[in-house]
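Thank you all for coming. I would like to walk you through one model this morning, beginning with a single residue and then widening the view.

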Amino acid sequence: MVIAIVVAVAVLSAATAALVANRPMSRAAADRFSARQQVAFTAFNGPLMLRHMQVTRRLRWAGASAGTVLMALPLVSGDVGLRLFLPVGGWTLGVLAGELSKGSGPRPRTVRAPRLDLGSRPLVIVWRICAALSCGVALYVVARSFLGDVGSAGRAAAAWTLAVVVIVQAVLHDLGRPLARGPADLVAAEAAMRSDTARALMAGGSAAALWAAPLSELPDLRDDLLLLSHVAVWGLPLLAWILSGRFRPGVPGRWRAILSALVTVCLITAWNGLVVWRYSSPPPPAALTGPLPAPIGFADASDHRWRLHLRRSGSWQTVALPQARAVLPISNRRAPLVISGDGYRLIYLDAATGRLVLHDLSAEKAARPLTGPGEGVPDAAFGQDDRHVILTWPDGVDLVDAATGARRRLPGIGRVIGVVPGKVVATTGRRALEGAPDTELVTLDARGAVRTRTPFDPALQALLTPGGDRLVLVSDNEVLTMDPRTGGRVRGRATLGGPGAEAELVRWTEDGRLLVMLGWDDPVLYLVDLETGKSRQVKNVPSRLGEVVVGRLA
């Protein structure tokens, strides 16, 4: 499939480049270039500038067409994201390719010659603001990635953003080198061609970097700051495009360029409005009118609202939970939903208040708020005792008593692995990738005092047994158990699947067996008996496990 996509993009790009290359350069295009760059065509510099226009036009169109194909492919599978940075990024890569195809050119004889002014001062300022904002977001995500809080998509977006800014700025610095001595018309032509490339790079680079920055990885913002961020993200690159000289007074065809920019703004606004209307419209009336008749087997966020699936009399029953927000209002990521071990209690983001709440669906009880207004949305999990709720914030971990609502901060803790009566097992740092700084595995008593402390690898998945006497770890396709107080000798071992399979710890079942998800492309669930080391595959579960929250499997 990937090879087919690459071939399709390459074929379309080549076809577009060939089509544009065969079109002769019109007199109107030459006049627009002359007026925009304030340079006169002569018999000596004319061929140089016409070749520059022909080559850059061919490569820019080829890059933009390839980016458009890549942007349109996810729409086929129902992904409504409009990744405009792809065609803009392809267009910018075409600009870079056009500049590289010319070579560096002659160097001036003196190093004290003044550097070339490549664009207007406002355009340079807007480019630097866009570069600073996008780099700030990307570096924040890179820093968070060492804590294991960022997915592969966020890391890829950060890498793209930083690469665009660094490459564009490096080329701009090279373009600003002093001009070599020569005939006046040839020097003017060289300055015009460099200025044309620099203006295009600053305009395209602003959009390619800022529109691709992983903004969804940032903390949730207030509504007023959210509006300001949208204005900055979408407005600054368009302002850079305007300042790049395409709307300079006296340039032929400027009204056509203005109209195209307005159409682009309208299309972006209409698309965003359609997505907001589609996924912010009120859900239908809830089918849940009383206590749940059966424990929750799993939940999914189909149609951007949570649906609960119950196993009754050998068949699945689906009920809606419209009060649980399925998508975060700012980052458009999936909102948290956690199911307790007994399958009757939920932690979700309340749509009315925007607070994380704990709801007992087995009785007529109001949902208990777990967070205050405006606090944000932490990661949430139930302890092994199903009484305590673990709230993991960027700056620490809180432990909430579900029965009394008491909430206390665990100082020096980055991740809680498990909670049982009278004991908390945690690590001093968050889960991170291999090579991250070492952390410590600690056990705490009921008052939060540290009882034991031992080194621990932060890259490992870990889960505390319901009794609290053993720690379960997963490495590749093996499940290991050891003592949480010492982290030493392996007590038990179970192997899952074939060589190279990857396992993920899911939860404990009521009878004390471990539920493990094996594989990523086509995941399956296994029940592991740690006493015997045997495992069996779980039947009658959703086929798309990567998109559901697993509850109690009957």
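**A buried threonine and its surroundings**

Thr443 counts as buried, because its relative accessibility is 5%, where buried means under 20% relative accessible area, exposed means over 50%, and partly exposed lies in between, with a 1.4 Å probe and protein chains only. Before I go further, please keep in mind that this is a predicted model, in which local features need pLDDT of at least 70 and side-chain atom pairs count only at pLDDT 80 or more, while totals for chains, interfaces and linings use all residues. Residues are numbered from 1 along each chain as its sequence is written, and side-chain values use heavy atoms, with hydrogens and water left out.

Thr443 sits in strand S14, residues 439-444; strands here are DSSP runs of E with at least two residues, helices are runs of H or I with at least four, and both are numbered from the N terminus. The side chain of Thr443 makes a polar contact with the side chain of Thr452, at 2.4 Å, a polar contact being a pair of N or O atoms within 3.5 Å of which, within protein, one must be able to donate a hydrogen and the other to accept it, and residues adjacent in sequence count only if both atoms are side-chain atoms. If we set aside neighbours within four places in sequence, Thr443 is in contact, meaning heavy atoms within 4.5 Å, with Val424, Val425, Ala449, Val450, Arg451, Thr452 and Pro484.

Let me turn to a loop residue. Arg355 lies between strand S5 (345-350) and strand S6 (356-360), and it counts as partly exposed because its relative accessibility is 25%. Its contacts, again leaving aside neighbours within four places, include Tyr348, Asp350, Pro369 and Pro373, and its C-alpha is 7.8 Å from that of Gly374, 19 residues away in sequence.

Ala200 is buried, since its relative accessible area is 5%. H4 is mostly covered, with 13 of its 18 residues buried.

Now a hairpin. Strands S20 (residues 503-508) and S21 (residues 514-518) run antiparallel and are joined by five bridges, where two strands pair if DSSP finds at least two bridges between them. Trp508 has Leu514 as its bridge partner in S21, and five residues separate the strands, among them Gly512 in the turn, with a positive phi of about 90 degrees.

Finally, the whole protein has nine helices and 24 strands, and buried residues make up 45% of its 554 residues. The average pLDDT, the predictor's confidence in each residue from 0 to 100, is 75, and 72% of the residues score at least 70. Over residues 247-253 the pLDDT is below 50, and this stretch has 19 contacts in the model beyond near neighbours in sequence.
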